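Please open the model in a viewer and keep the sequence alongside.

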Amino acid sequence: MDNVVAPLSALIGELEKLPTVGPKTAARLAFYLMSASREDAQALADAIVALKDKLRFCKRCFSLSEGDECTICRDPRRDATTICVVGEAKDVYAIERAMTFNGRYHVLGGLISPMEGIGVGQLHVKELIDRIAPENIKEVIIATNPNAEGESTALYLHRLLAPSGVKVTRLAYGLPIGGELDYADETTLARALEGRRAL
Ligand SMILES: [Zn+2]
């Protein structure tokens, strides 16, 4: 986009870096933003900066939080004895959208991937084990992605958790194999949660 004015091409360049946004969409969004009010443009810019400045990780579940603990961990109406283990914080939002799960979460911060050099040491696995007894956990639902990394992570966690006597379940299939959790629609995710099976 060398043929457009510098501020516009700079914005298009930034938008193009976003996932699923190609050059055409980036240009469309940039032109839309140009026609938006200054207030709306400022609100969008402020929201992006606030995301970087104010968001932290929950010290209990490692999901995103504004304070020490996230709103889900602080909610007394949620079942504190069931933990849903996911790879990334975005998976929490995918499962929350399905509105079926009423327990708490544990975000690993990735999945075991020898290809990418991600081992157990880089994930919040020890922190998960350390929650089982003190929080009186009855069930751990492993909701890692239904792909190779998600499966090997699930198997590893199952072996690790088995001696503690906690019930370990895995999301039912029906989720697209090889896919990612946050691409599944709400109905599929809700069904996968309801049909979870013991590992
Ligand atoms: Zn939390």
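**First stop: the enclosed space**

The lining of the largest cavity comprises one nonpolar, three polar and four charged residues. In this classification, Ala, Val, Leu, Ile, Met, Phe, Trp, Tyr, Cys and Pro count as nonpolar, Asp, Glu, Lys and Arg as charged, and the others, Gly among them, as polar. To display this lining, select G87, E88, K90, D91, G110, L111, N145 and E180. The space inside amounts to about 40 Å³, and the structure holds one cavity of 30 Å³ or more. A cavity here is a set of points, on a 1 Å grid over the protein atoms alone, where a 1.4 Å probe fits but cannot get out; lining residues have an atom within 4 Å of a point. Grid points are joined across faces, edges and corners, and the volume is the space filled by probe spheres set on them.

The model is a predicted one, in which local features need pLDDT of at least 70 and side-chain atom pairs count only at pLDDT 80 or more, whereas totals for chains, interfaces and linings use all residues. Residues are numbered from 1 along each chain as its sequence is written, and side-chain values use heavy atoms, with hydrogens and water left out.

**Second stop: the largest pocket**

Next, select L11, E14, L15, L18, L33, A41, L44, A45 and I48, which line the largest pocket. A pocket is an open set of grid points with protein on both sides within 12 Å along at least five of seven lines. About 190 Å³ of space lies in this pocket. The elements that give two or more residues to its lining are α1 and α3 (38–54), and α3 gives the most, with four residues. Helices (H or I, at least four residues) and strands (E, at least two) are DSSP runs, numbered from the N terminus. By class, the pocket lining holds eight nonpolar residues, no polar residue and one charged residue.

Which residues of helix α1 (residues 6–16) are buried? They are L8, I12 and L15. Buried means under 20% relative accessible area, exposed over 50%, and partly exposed in between (1.4 Å probe, protein chains only). Viewed down the axis of α1, the buried residues fall within an arc of 65 degrees, so they line one face of the helix; the arc is that of the directions from the helix axis to the C-beta atoms. On the other side of α1, select A6 and P7, which are exposed. The cover over the buried residues of α1 includes α2 (23–35).

Now centre the view on L171. Leaving aside neighbours within four places in sequence, L171 is in contact (heavy atoms within 4.5 Å) with I141, I142, A143, L181, L189, A192, L193, R196 and R197. G195, in the loop between α8 and β7 (197–198), has its C-alpha atom 6.9 Å from that of L171, although the two are 24 residues apart along the chain. G195 counts as partly exposed, at 38% relative accessibility.

Beyond four places in sequence, G103 is in contact with I72, R78, D79 and T82.

In the loop between β4 and α6, select S113. S113 counts as buried at 2% relative accessibility and touches I118 and E149, not counting residues up to four places away in sequence.

Two residues other than glycine conclude the tour. M99, in the loop between α5 and β4, has a positive phi near 55 degrees and counts as exposed at 74% relative accessibility. N136, in the loop between α6 (125–132) and β5 (139–142), has a positive phi near 55 degrees and counts as partly exposed at 46% relative accessibility.
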